[in-house]
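This briefing is written for someone meeting the structure for the first time. Please look over the sequence and the model, and then read the notes below alongside them.

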Amino acid sequence: MGARNVGAVVKRVEDPRFVTGHGRYTDDIVLPGMLEMAFVRSSEAHAVVKSLDTSAARAVPGVVAVWTIADLGAIAQKPMVQSYPSPAIKQNFTQHPLAKDEVCYVGEAIAVVIAQNRYIAEDAAHLVTVDYESLPHAIDVREAARADAIPAHRGAQSNIAATVAWKFGDAAGAIARAPHVIRETYRQHRGAPHSIEGRGVIAQHEPAADQLTLWSSTQSPFLVRRYLAQYLEREEAGIRVIAPDVGGGFGPKAGHYPEELVAALVAMKLGRPVKWIEDRREHFLTTTQQRDQWWDVEVACEPNGKVLALRAKCIHDNGAYLPYGLLLCMTSIVPFPGPYAIPAVEVTLDCVFTNAVPTSPIRGAGRPCAAFIMERTMDSVARTLGLDRADVRRANFVRRDQFPYETGGRLPTGVTIQYDSGDYAACLDMVMKSSAYTAFEAKRAQAAKSGRWIGMGIASYNEDTGLPPYEGATVKVLPSGRISVELGSCSQGQGLETIVAQIAADQFDVDPEKVIVKTGDTAISAIALSTVGSRVAATAGPSVHLAATQVRDKALRLAALQLEAAEQDLEITRGAVHIKGVAERKVTLGELAKRLVSNVNVPLPNGFTPGLEATAYHTPERPVYANGSNVAQAEVDIETGAVTLLDYRVAHDCGTLINPMLVEGQIVGGVVHGIGNALYEHMKYDPDSGQPVTTNFGDYLLPIATEIPPIRLEHMESPSPLNPLGVKGAGEGGTIPGIACIVSAVEDALKPLGVKLNEYPLSPERLLELIDEKRSAK
Amino acid sequence: MSDRRTIEVTVNGVRHTREVETRLTLGDFLRHELGLTGTHIGCEHGVCGACTIHLDGAAARSCILFAVQAHGCEITTVEGLAKSDGTLHAVQQAFRDHHGLQCGFCTPGMQMTITAFLAENSSPSEKEVREAISGNLCRCTGYQGIVAAALDAAQKLRGA
Ligand code: FES
Ligand code: FES
């Protein structure tokens, strides 16, 4: 056998098509007779649509139809299906594919124009006049959470969708008895997703077979099919959803959207394929985001920095609807207490409706928010008690000898929360060493001499990755001898095709580039769910491994028969089974595969089922926990409030590395997402009008190359005992601690002024305000 | 609404004569009229750089140009970077070698920006590379692999 592929830096198999411009994204697909759609969207934060005049739009040459909800038929009069329903939801609102009469955020779709092309469709959409009766709106989440608040939905009792709690141990008792109790208020805001490819969908209906096909820029073709089937009251078998190449996802492409339903309904009604491609403005207005959370936190600790309890209350801006149920809310509270052994936790969260675009998980979901609270807490404990920030973390970490470690928490399903493996303190040591942590004070003193304000930040985290229940995989040896892997799960850039090719290749000693990988299509028979929550490498990965192992075993069994040898005397080299040490006594995998498809009146070998193939599901009961620690260095210009990041170090443990280069890409990309959240990205709404005011890349800033410091990464590998590859997820591990780490560094730079940073994003304006407050008080 | 003109453009060495609407953007012309879908549209307002092509040798954003403005011009798109025998351009090869791409959506624009930049500055510093791509947004990679790719490609192109 040649070198193992798992663990090696293998260049990506998807790259040749991407670097040459031959990727196939949704907008690249053109079907014969295809029409294009544009939407008429609400210009009001909250209003009743009294009437609509579509006559001018309909008169535009090239316009095929202009439809409202009434035109979409009886089936479309109900609200959309909720992705993660929960009994905790007290008031439930999901939107309609097109607004019925009330619109609850700017951007909500009211009507659809279907035309020969997008240019004509947009022209006509502008000619539709909408007569609104404005309603008062709720946009500030703290105001909206009040009992006497203006309702975001007409006739609602309040704006509280649900109140959820996360609790174990006796936090109240510990807080009452503790020698030190620290109280802080925090504000968080994570902004919009902004994959560079927006959303997009094509729908086609073949009436003869009554078959509906959607191409959608989605993370979850199987879930989109499920929700479409439920909504359209059709069998899933009559719907095929394909995720072609997807230009980034980051969470918000994991659900289903009104435009997908409208496309399906229009294609069925017109009998012609239709396409809708989101533009950037629509992405700002309609793709789910993560906005404000306000936290009140109480922490009880001992003089040595050991945290005894954390009690917190969060007000969460969920926007106008609950498309994902309480998923984002739950991921904001369930991660407590992160990598620390804290005996008592009590977190409650109010999920609040506002008249802003709905929210959903974005890279890390609520986990970066929980990590921000935990990490700012560790820093505030250090500050209050005069301890070193790293020492406080070390004093609280779950220790190596405690794994598997039960936090005391239980998931809603009743499963205990259990951290499977790791060495949190060793990971921290690693990053302290690489960042020369202990030498920083001398560096700061040196910088201060020349009037520079530099600081160092630190943050640790752990993350539940590889979330249950499964992602299926089918591995086949084709008659040609090539290996094929089929997965319903799909990639939005993570390199899934490469890692599954590596895993499968190892069982047959073939080149990963030669493995044929198909992903992201509900026509694939292995069942899949969704590429979210850093889960696919640690769910689909082991499934591919299991399926490949089964195929390998079957090949060996058959080869033993054909070569008249014992199985244990056989091995597989370069895609052929041979007797160990006798390369010429061999049978190729292709020959074995042909034997198992056989032909009419040629019986299969005794005891064999057809096909040299297997489908397998790795079905974990609980997640596997990745972890890491980060150290950042930042400089603040106290005259302008500008932050320059000087250095960023990561020590990271996601179990067995399948491909270190790809893990590094995930972590670095995630850190930069965190930098955006910490310093730049702010989706702003005008409180008076409820209008979004950052709706282009001039007003809303994404991180750009010049603002990014060198990011250096070190890996630790604590294999998970919970899957056969020992792998854990890595897709969000950069973002989760990233925000807290940068805020910690900026605060540290301003330490001589005593500026406390309990919020992000840290715009220069906001930092100057805080700096000036302290300077004028001096 | 439909004011039309005939334009002549050379794209990746092939000459095309087409009648187009005057309001058709160059990006849409390349993608939808010529089927060159490697040029991506990420923002339609000139900020993300995904739509970058070469117009008479200089990097340009095809989403904020009209097709008629390219009349008489030579255009290169990402599809024109590799040799006709399929050998990748040094920048393309370096993107793969240094993991300079994930979803691939920003990639064509990044590569077109970098190839134009390296033609003007054959031995850039890391800082210069970062400045050169500061008008191209990538949400996936954090830019680190892209910068490494550009520096490596520069070296290869210098024959070093
Ligand atoms: S699409 Fe042209 S710059 Fe973004
Ligand atoms: S690789 Fe996805 S946006 Fe750059």
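This is a predicted model: local features need pLDDT of at least 70, side-chain atom pairs count only at pLDDT 80 or more; totals for chains, interfaces and linings use all residues.

Chain B exposes about 6,300 Å², of which carbon and sulfur atoms supply 47%.

**Chain B as a whole**

- Chain B contains 5 helices and 5 strands, and along the sequence these elements follow the pattern β-β-α-β-β-β-α-α-α-α.
- The radius of gyration of chain B is 16 Å, which agrees with the value near 15 Å that a compact globule of 160 residues would have.
- Taken along the principal axes, the C-alpha atoms of chain B fill a box of roughly 50 × 30 × 25 Å, and 57% of the 160 residues of this chain count as buried.
- Of the contacts in chain B with a separation of 6 or more, 54% are accounted for by residues 24 or more positions apart.
- Chain B carries 14 positive and 17 negative side chains, and the centres of these two sets lie 4 Å apart.

**Chain A as a whole**

- Chain A has 19 helices and 28 strands. Its radius of gyration is 28 Å, close to the 28 Å that the globule rule gives for 778 residues, so chain A is as compact as a globular protein of that length.
- The C-alpha atoms of chain A fill a box of roughly 95 × 70 × 50 Å along the principal axes, and buried residues make up 65% of the 778 residues in the chain.
- When contacts in chain A between residues at least 6 apart in sequence are considered, 80% of them join residues at least 24 apart.
- Chain A exposes about 26,600 Å², with carbon and sulfur atoms supplying 52% of that area.
- There are 75 positive and 89 negative side chains in chain A, and the centres of the two sets lie 3 Å apart.

**A helix of chain B and its cover**

- In helix α2 of chain B, which spans residues 90-97, the buried residues include B:Val91, B:Gln92, B:Ala94, B:Phe95 and B:Arg96.
- The cover over the buried residues of α2(B) includes α1 of chain A, together with α3 (107-120) and α5 (144-158) of chain B.
- Following α2(B) comes B:His99, whose phi is positive, near 50 degrees.

**Salt bridges**

- Side chains of opposite charge can pair when their charged atoms come close.
- Over all chains, a search of the whole structure finds 65 salt bridges.
- One of them joins the side chains of A:Arg17 and A:Glu497, at 2.8 Å from N to O. A:Arg17 lies in helix α1 (residues 15-19) of chain A and A:Glu497 in helix α14 (residues 496-508) of chain A, so the pair ties together parts that are 480 residues apart in sequence.
- Within this pair, A:Arg17 counts as partly exposed at 25% relative accessibility, whereas A:Glu497 is buried, with a relative accessible area of 13%.
- A:Asp148 forms a salt bridge with A:Arg146, with the closest N and O atoms 4.0 Å apart; A:Asp148 is exposed, at a relative accessible area of 65%, while A:Arg146 is partly exposed, at 49%.
- In chain B, the side chains of B:Glu126 and B:Arg130 meet in a salt bridge of 2.9 Å, N to O, and both residues lie in helix α4 (residues 126-132), 4 residues apart, about one turn of the helix.
- B:Glu126 is partly exposed, with a relative accessible area of 39%, and B:Arg130 is buried, with 7%.

**Two buried residues of chain A**

- A:Glu732 is found in the loop between β28 (711-716) and α18 (735-749) of chain A.
- A:Glu732 is buried yet has no salt bridge. A salt bridge requires the nitrogen and oxygen atoms to be within 4 Å, and the nearest side chain of opposite charge, A:Arg367, is 4.2 Å away.
- Leaving aside its neighbours within four places in sequence, A:Glu732 is in contact with residues that include A:Arg363, A:Arg367, A:Glu463 and A:Ser534.
- A:Val307 has its place in strand β14 (residues 307-319) of chain A, and at 1% relative accessibility A:Val307 counts as buried.
- Beyond its neighbours within four places in sequence, A:Val307 is in contact with residues including A:Val299, A:Ile342, A:Met378 and A:Asn396.

Notes:
Residues are numbered from 1 along each chain as its sequence is written. Chains are lettered from A and ligands numbered from 1 in the order in which they are written. Side-chain values use heavy atoms; hydrogens and water are left out. Buried means under 20% relative accessible area, exposed over 50%, partly exposed in between (1.4 Å probe, protein chains only). Lys and Arg count as positive and Asp and Glu as negative; His and the chain ends are not counted. Contact means heavy atoms within 4.5 Å. The radius of gyration is taken over C-alpha atoms; the globule rule is 2.2 Å times the number of residues to the power 0.38. Accessible areas come from the Shrake-Rupley method with a 1.4 Å probe; for residues, only the protein chains shown count as cover. The place of a charge is taken as NZ of Lys, CZ of Arg, CG of Asp or CD of Glu.
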